[in-house]
Each structure stands twice: as C-alpha cells, then as structure tokens.
Amino acid sequence: MKYVIKNGSVVFRDGVKKCDILVEDGKIARLAEDIPAEGEVIDAEGMHVFPGLIDMHVHLREPGFEGKEDIESGSRAAVAGGFTQICCMPNTNPVNDNAVVTTYIKYRAQQVNLCKVHPIGSITKGEKGEELAEIGKMAQAGAVAISDDGRSVMDSKIMRLAMEYAAGFNLKCLCHCEDENLVDGGVVNEGLNSTLTGLKGSIRAAEDIMIAREICLSESLDIPVHICHVSTYSGIELIRSAKARGVKVTAESCPHYFWLTDDVITGFDTYTKVNPPIREEVDRQAVAAALKDGTLDCIVTDHAPHSKKDKQVEYSLAAFGISGIETSFSLSYTKLVKEGDLTLPELAERMSGAPARILGLDGGKIEEGGVADLTIADLAARYVIDGEKFISKGKNTPFNGTEVYGKVAYTIVDGNIKYRAE
Amino acid sequence: MLKGKDLLGLYGASAEEICEILDRTAQMKALLLRGGKAESVLRGCALVTLFYENSTRTRTSFELAGKYLGAAEVNVSAASSSVQKGETLIDTGRTLDDMKIDFIAIRHPLAGAPKLLAENVHASVINAGDGMNEHPTQALLDMFTMREKFGGIKGLKVAILGDIKHSRVAKSNLFGLTKLGAEVYMYAPRTLMPRDIEKLGAHVCSSMEEAIEGANCIMGLRIQLERQKGGLFPSLSEYSKFYGVKDGMLGRAAKGAIVMHPGPVNRGIELTPSLIDGESSVINEQVTNGLATRMALLSLLREYREKNL
C-alpha cells in the first residue's frame, strides 16, 4: 500500500514545514515538497500532520469491567482522539499481574486492530502492595512498564525492590503518588472548596510525599522512574529540582489539571471526581508552565471511563476518573498552544515524542524510514464538547459545554487509516 | 417567597429568604405557645423523613412540625429500608416521588446527598444535615433564637467553639449569620478547624479568650467521641481542659450573653453542667424554636409549590 499525504503542515521536532509525505508499507518512505501522487491521495491542505499521538496512561477496563469500557470501544475512542498508541493500566479484574492477562490484552488488541495497545503490568500481585508480580514474564509477554496505578506501593522497601527488579527487564515503574494514610478517604482537594462543600479533602502533601519518595529511591538506586498524573505545584517543584541535579525522573500530567480548578466541585458534579483531585489555580498554572519548560515531560489522559451508575450517586461514593481520550488533543491544543505559549513541535513532543522515549516505543517523530503513525488535525475547526457523543462507553467528562479548537481528521497507524472524521 | 423548591443549605440562600423564614417562625412560635395547631396549612400534603443517620431531636421536630400543620407524615429509616439492599439514593427518591409526596426531610452522612436527591425528585427536599456540609434548619433555629433574645442579628458577635471541622451546624450558622451581618468567631484545636474557613467569613481565633471576649452568643458544638480514636485530639479530658467552656469564662462575654448548643450535649466536656442549666442557657428554647422553624419552612415551601409547581 502506497499513498501520499499532500499539502499538510508537518510538525517536526524543529518546526512546522509544509511538505508531502509518501507512505509505503507502513513506513514514511519520503518527505518532500511536491511528491507526485501515486494511488490514493490524502488532501491535508489547511491541516497539520503530527507524529501519531501516544497516550501512556489509559484504563481500558477489559478484562472484568466491560460495562465501563472494553478494548474495542477504548481503541475506537483512542483513534477518534488521534491516538495511534495507548498504554493500558493493570487495574482490571483480574489485575494484569501475570503473563496470561498481558497476553490476553495483546491478543484482544490485535483482533480489534485499531491503535497499538501496550499493556502495563502491575508492580505487585493484585496491586496489593505486598509481593512483586511476575514482572519478567509480563515483560516477555509484551508489558511496556509496570504500575500499581490507582494507588501507591505504600511499603518503601517493596517499591525499592520493584524498581531494581524491573530495571533488570528494562521496565520503568510508573508511580501513582498518594500516601494512603494521609489521603484518609479524601475525595477532593483539601482547601476552601472542601470546607465549603463538606467533602473530605486530600492535602497536597499526600501526593508530594510519595513523589519525593520515588525521587529519593530513583536517586539512591540510579534507576529511572516516572511519576504519574502530577497535580500539585509543590510536586512539580520536587520534580524540577530533582531533574536539575540529574535524577532520572520523568513525569506526566493530564488536561483536567491544566484546565480546571477545584471550583468545579462545588456543584457536587461527580464527573469532576478524579484521583489525584483537581486542585487550585496555583497548581493549574504550575502544570501548564511545567509542560512548557519540560519539567513535565508528557500529557496523558488517565482515561478512566465509568458507567452512569458508577457516577450517579453521592459524590463520596462515586468512582474516581474522567473519560478523556477523545478530548485530550483539543483540550491540550486549545489551552496550551492557542491560548498559551506552547509551540506545535512542543505539543507533539508532549503528546508523542516524550512518551515514545520514556517507554522505548517506536514512533514519536516524523522522519524518513520511520513508522507511519500519523495524526492529521484541523486546528481551525471548533466544536463544543458533549460527552454523550463520545465513542467511549464512559461519558464522564467535566468538560461538557466547553468550546475547543483542533479536530482530528485522520489517525494513521502503520500506514493504515484507522480513523477518518466524517 | 422562597426562590426554589428545596432548602439545601444557607450558603445558597439569600438574606431575604432567611429573614422570611425567621419572620414566619415567629408566627409559628406564637401559635405553638397559644397551644394552637394549624392543621389546614399542610392539609393534603405528605412529608417523609428519610434519615440515613440516627437522630432523635431533629427527626421528631420535623415529624411534629408536619403533624401540627396537618400533613400526613411517614418516616423511612435507612436501617429498615431497601437502602440496606443496595438501592441508590436516586432510586429511593423516585420511589417516594411516585407515592406523590410533597416534602422529604433527609439526613445523610455524605455531603451533597440532599442536592443529588433534590435534582431527581419533584418533592421539595429539606436538608436535615448532610455529612460535613450543612444543617440549615439548625442554623435557622439558632438565628431565630438569637434574634428573639437580641432583637436582631446584625452586629452580634457569635463565638462557635469545638469541632468546627465536622460540624455542619457551625458552617450553616457561619453562612446564615454573616449574611445577616453578625461576626462569627471560631476556636478549635487545629486538627478540628477546617482549612480556609476564614475565606468563608469566619474569624479564626488563637485562644478561647479571644473567641469569647465580648461575645453575645457562645455556641458549643458536640464532640463525637470517636474523633479521639481518629487521632484528632489525645483525650477527652485534655479536650475538655483546653476547648471546653468553663463557668468563669462567661464573665468575658458581653452582658446578657446566651449559651447555646445544638445538642445532644456531652455534659462537662463542651460546656459545664452549670452553664448548660444556668440562666444564660437557651438550650431548651432552641428545641421549641426548632419546631417552629420547621413549621415555618414547611409552610413557606408549600406556598412555593402552590405558586410554581
């Protein structure tokens, strides 16, 4: 299969250039101006071509919670959101703590055959934080990292051993950072709005202490570590200073942390309930600034689809999580590029280049001979977010009614068009 | 005229609405003191008390308020209902709605539950206390009591002492009192003082003396004994020593100051027995006023429903 993407503005690492792309056998065969059309032509006039977006933190819910999402619906949602590769967290039922589950996820993803799905194995058996999971076997079956996402490994000794053991298989720990004792049942950020609503608050320190611990372990052991969904300005400072002295720490955040403040919780809308919680303006600004200066390496969604019945209950009883994979690109482009100071190459780095590098995945850049994972978007297109229209089974977005720019037009995986906007 | 079908809290209420309820409360109290009932007010209406937490005084107060005004009154206990079988709050509410009831007074351990219920039923929902959020009828009866004693709320200094953090009473009072121009001073162990409460208009004090100095009202709050097990303070005796109101302290308060407590009181812990039973105490009047407040609220909500629904 051979075709040309004509007249697009291509987002390279060092700038945006108008150029044609010849795609052949799943690879980018040629990048040049005016490549003569051979076979099919994708007219990308007025559009931007990004390296295929990568979301290294999603929840696909299969096996076990198919009412919330499954690998097919999640993959369809992912390609609609412009994602060519996604990494799915292990908090399924059963937990992805062994090679059988890892293999199952890979098998299902191949059947679905939309985006590339990379399983993340758990750090500990059952995500209980007690004994190491079979990390080597999961690595062999295709796990690209390990994480007990949803909770921290509370025992620092177990965490140390996990980091060391996983390093032997070239796997990184992706750390959900929250000290469970300090969280103590908190469901929102502790501050004015937790006091106002009477919802139990969770203090920044609960997150920061665990970020600090992972940095300490990484530094002591000289093993790279990755911090998940950073939400606090103070946690960002910890990462910034660690990076400055050469600690091999990378980190991510999500659109809801650079878009929203905890003012959104005051109406008790359970779609705003997420873990860690949405915090205050000082944190929101810090997340946006850290995505500009690179303290935060990448944008992930923490796509956490839930069924209505998991959310249409009292706030304290509602499930944590936001369905984010279909809105991440638009939200990121709108807030950080259009309204902010991020450049398009920086956006591509945060949503593709960095996650590829952190996990050692193929892709993340547009170059001759490279894999033809591409996301083509119309940045001028404007729309209003409506969760009820999501492809994902999870309609739980706090962004209903938000007007955004940047619509994905094509998602191309290994040269194959997996999504085309209507 | 109230502005909505429900009373979920005083944070969202206007000063006019609060005053209207207090004015109606005065009428209802006069009626009660005459020994009269007004069974025509809610004739043909039904009130359900839906309590997910134990309560004697608030529940009884709502039940009697409904009865005295002529409403049919049913109580649903979480312990004996389908709630125990896993029914959601929304489903419970819709079931009650289908029985054509007019009012639901709900008490729930989780903040925001009355709002969730109100959004899903046609009935008027009255918050009878939700977690650490609000307890508006308690604050209204407290404010009525103050207004009766002092002729008005504006300019009063109110000291609220004790477990502010877990107290929906403290918060509803803060919202209501500041809307009507009172100054609210709070004192508690730091572990029991909620974050940023000063941004909601409270004066956070660093000593009991500072809180009580010149106060017109001294309001103790119930300390839940299980808080000690949660590590929020070391022992009841230490709590009482540093955060309980003692007999001699009344001397620092304004002349004619009153002692209040939403009940039930832990005698000798939040307040000394002589303060509870003394001349300054209005704790028993608060109970009568609570009944009048709930009658007033029900009658006003009925008027709202007749006009708007």
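1. The pLDDT is the predictor's confidence in each residue, on a scale from 0 to 100. This is a predicted model, and in it chain B averages a pLDDT of 94, with 98% of its residues scoring at least 70. For the complex, the predictor reports an ipTM of 0.93 together with a pTM of 0.95.

2. Chain A falls into two domains. Taken over C-alpha atoms, the centres of domain 1 and domain 2 of chain A are 28 Å apart.

3. The two domains of chain A meet through 20 residues of domain 1 and 20 residues of domain 2. On the domain 1 side, at least two residues each are supplied by strands β1 (2-12), β2 (15-24), β16 (374-384), β17 (403-413) and β18 (416-420) of chain A. Of the contributors to this side, β17(A) gives the most, with 7 residues. The side of domain 1 of chain A that touches domain 2 comprises 10 nonpolar, 5 polar and 5 charged residues.

4. The largest nonpolar core contains 118 residues. Val49(A), Ile146(A), Ile227(A) and Val287(A) have the most contacts inside this core. Helix α13 of chain A, residues 344-359, provides the largest share of the core, 7 residues. Both domain 1 and domain 2 of chain A are represented, each with at least three residues in this core. As general background, nonpolar side chains tend to be buried together in soluble globular proteins.

5. Setting aside neighbours within four places in sequence, Ile227(A) is in contact with Cys175(A), Cys177(A), Ile211(A), Glu214(A), Ile239(A), Val249(A) and Ala251(A). Apart from the core of 118 residues lies another core, of 105 residues. Among the members of that other core are Leu199(A) from chain A and Ile153(B), Phe175(B) and Ala292(B) from chain B.

6. Which helix of chain A gives the largest share of the side that touches chain B? Between the chains, 17 residues of chain A are in contact with 20 residues of chain B. Helix α6 of chain A, residues 192-197, gives that largest share, with 5 residues. By class, the side of chain A that touches chain B has 7 nonpolar, 8 polar and 2 charged residues.

Note on methods. Residues are numbered from 1 along each chain as its sequence is written. Chains are lettered from A and ligands numbered from 1 in the order in which they are written. This is a predicted model: local features need pLDDT of at least 70, side-chain atom pairs count only at pLDDT 80 or more; totals for chains, interfaces and linings use all residues. Domain bounds come from an automatic or database domain assignment. Two residues are in contact if their C-beta atoms, placed from the backbone, lie within 7 Å. Helices (H or I, at least four residues) and strands (E, at least two) are DSSP runs, numbered from the N terminus. Ala, Val, Leu, Ile, Met, Phe, Trp, Tyr, Cys and Pro count as nonpolar, Asp, Glu, Lys and Arg as charged, and the others, Gly among them, as polar. A nonpolar core is a set of buried Ala, Val, Leu, Ile, Met, Phe, Trp, Tyr and Cys residues joined through C-beta atoms within 7 Å. A residue is buried if 20 or more other C-beta atoms lie within 10 Å of its own, exposed if 12 or fewer, and partly exposed in between; C-beta atoms are placed from the backbone.
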